[in-house]
Amino acid sequence: MATIKSITKFAPSRFARLKDRVAAFFLMLYRVYAFILRFFKEVFLPPYEFKEVVRQCYEVGVRSFTLISLTGFIVGVIFTKQSRPSLTDFGATSWLPSLVSIAIMKALAPLVTALIAAGKVGSSIGAELGSMRVTEQIDAMEVSGTKPFKFLVCTRVIATTITIPLLATYTAFIALLGGYLNVSQNEGTSYSTFMEQAFEPLTFVDFWASLSKAIVFGFTIGIVGCYQGYNSTKGTEGVGKAANGAVVTAMFLVFIEEVLIVQIAGWFR
Amino acid sequence: MDASENRRAITVGIFVLLGVVVFVIGILTLGGQNKSFVKSIHISSIFSDVSGLKKGNNVWFSGVKVGVIKSIRFTGNSQVDVDMSIEASSQQYIHRNAGVRISSDGLIGNKIIVIDGGSPQAPIVQDGDVLQSEKLLSTDDIMKTLQQNNQNLLAITTDFKTLGHQILAGKGTVGALLADSTMAVQLRAAMRNLQMATQSASLMAVQLNRFSNRMNTKGGLADKLLTDTVAFNRIQESVAKLKEAANNATILTNNLNKASNKLNSTDNIMGVLLNDPTGAAKVQSTLNNLQQSSVKLNDDLEAVQHNFLLKGFFKKREKAKQDSLKAKM
């Protein structure tokens, strides 16, 4: 009969476990780095999968348009509605258009779009590629001479990088429209006055910062979803994990990138 | 490519195109707001303190946005050079002697540059010109003035407090008025007198009114004076006569004046008599001679009476005189 001492002798120590985790983390970082590098290497090399890119743009962009537009409209209305009491206290409701536009154009439009896209598109990509990996379809493609990375990963990442900035643009416009409807209903502000006041506090730096954010968010959502799906393991369980990991990681990275880009944009003001 | 793929491609194309269009409209709107796509000139001004003015803030001229701040940099001895981009269409209205000051877009709004003043005689501002900056009235300055006002207010209220205490204590005229019952009685009496005087004045005004009405009554003296032509002609004649009399009096006065002037001169007998002492002496001497002559003449006449030739004449006249006296008795 084995004693407790003899059992603990063979169990890994706490330090060893920590060491393994750190090693796994850095290995994962290396894999991500290699994955991104591979993307940039293959995306510029022929053959170019235009049809698949268009199909993915349709799946990512057009199919998400309704959801993201509705979300943007609601964000615009709610933000305007919630901001009004604070400004009313100062007798500054005429500043609502400026406040709403600053919030939407500088932060909310790209962020909301990215979060919605991370949930809808990221999980979809992760699950789709994950199931292809566990059912060995990707292996079959490699065997048959088709380049699965170019066909599956590059096209999806390009699609998300293109469509998410466009979706963010739509979101900004529709959210401003929602804000305008609310302001118009309560303050009776005309459309031209609202738009003039909305764009008055904005600068090109804000515009380019938002566009850059949306591009980076799109790339992140695509690359994270593809990475999680492309490298999924452990059968059907791995598919769920890939989808879940795609959403969680993408969302986390989106917030990190938001902070970094706001900081970088601040240097150009 | 089958039909569904075509449809999908078209949909994606429309989606991308619309997105790009919305983005470009946004860029153009923003550019229009920031005057990025309009022809502009650059002018600058140097401030000692810009109070948080930032690149991209607006420039106003006569309350209209005409440009934006392009750059803010230090120059000289810790001064700040503010470079402004002004739209060319507004250039003709801004003159070189216009002043530039830092203001605020509303009470708590963004800082802005305000260009104001400038006379039409001065030349129009050109690209690269430096406009004169005006000193900013900062919040600190406002607070300083406010503090001064507070101190003044405190002094005033303190004075009022002292005054109130003194009044309550019955000091001073007002205090005495409030505290001294005798003075109150006197004041009441004075007020009564004043009221009576007012009533009298009112009555007088009524009477004056009545009098003036009477003056205006038809047939009255004033009315006749104003309307009766016969009376007016008589008055006119009287006035003319008076005027004539006055003229005569003037002539008479002039004559008298001339005569009195002559009396003052020595070229006539009267003037000599009145003014010339030598003449006076001579006249005096003449009079003396006359007196001596008359005495001598009396003596001579006395002697004549005793002359035998004339003695009878005098005796007769004496006798006739006595006879007439007796007859009267």
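Predicted model: local features only at pLDDT ≥ 70, side-chain atom pairs only at ≥ 80, totals over all residues.
**View 1. The contact between chain A and chain B.**
Chain A gives 19 residues to this contact, and chain B gives 17 residues. On the side of chain A that touches chain B, the elements giving two or more residues are α3 (50–89), α6 (148–187), α7 (191–199) and α8 (204–230) of chain A. The largest share of this side, 8 residues, is supplied by α3(A). Sorted by class, the residues on this side of chain A are 13 nonpolar, 3 polar and 3 charged.

**View 2. The packing of helices α4 and α9 of chain A.**
Two packed helices are described by the angle between their axes and the distance between the axes. Here α4 (residues 96–134) of chain A packs on α9 (residues 235–268) of chain A at an angle of about 150°, and their axes are 8 Å apart. Angles over 145 degrees count as roughly antiparallel, and α4(A) and α9(A) are therefore roughly antiparallel to each other. The crossing of α4(A) past α9(A) is right-handed. The contact between α4(A) and α9(A) has 15 nonpolar, 10 polar and 1 charged residues.

**View 3. The buried residues of helix α7 of chain A.**
Which residues in α7(A) are buried? They are Phe194(A), Gln197(A), Ala198(A) and Phe199(A). What covers the buried residues of α7(A)? The cover includes α4 and α6 of chain A, together with α1 (3–33) of chain B.

Key: Residues numbered from 1 in each chain as written. Chains lettered and ligands numbered in written order. Contact = placed C-beta atoms within 7 Å. Helix = DSSP H or I, 4+ residues; strand = E, 2+ residues; numbered from the N terminus. Nonpolar A, V, L, I, M, F, W, Y, C, P; charged D, E, K, R; others polar. Axes fitted to C-alpha atoms, helices over the stretch in contact; angles between N-to-C directions. Parallel < 35°, antiparallel > 145°, perpendicular 65-115°, else oblique. Left-handed = near helix turned anticlockwise from the far one by under 90°. Buried ≥ 20, exposed ≤ 12 C-beta atoms within 10 Å, placed from the backbone.
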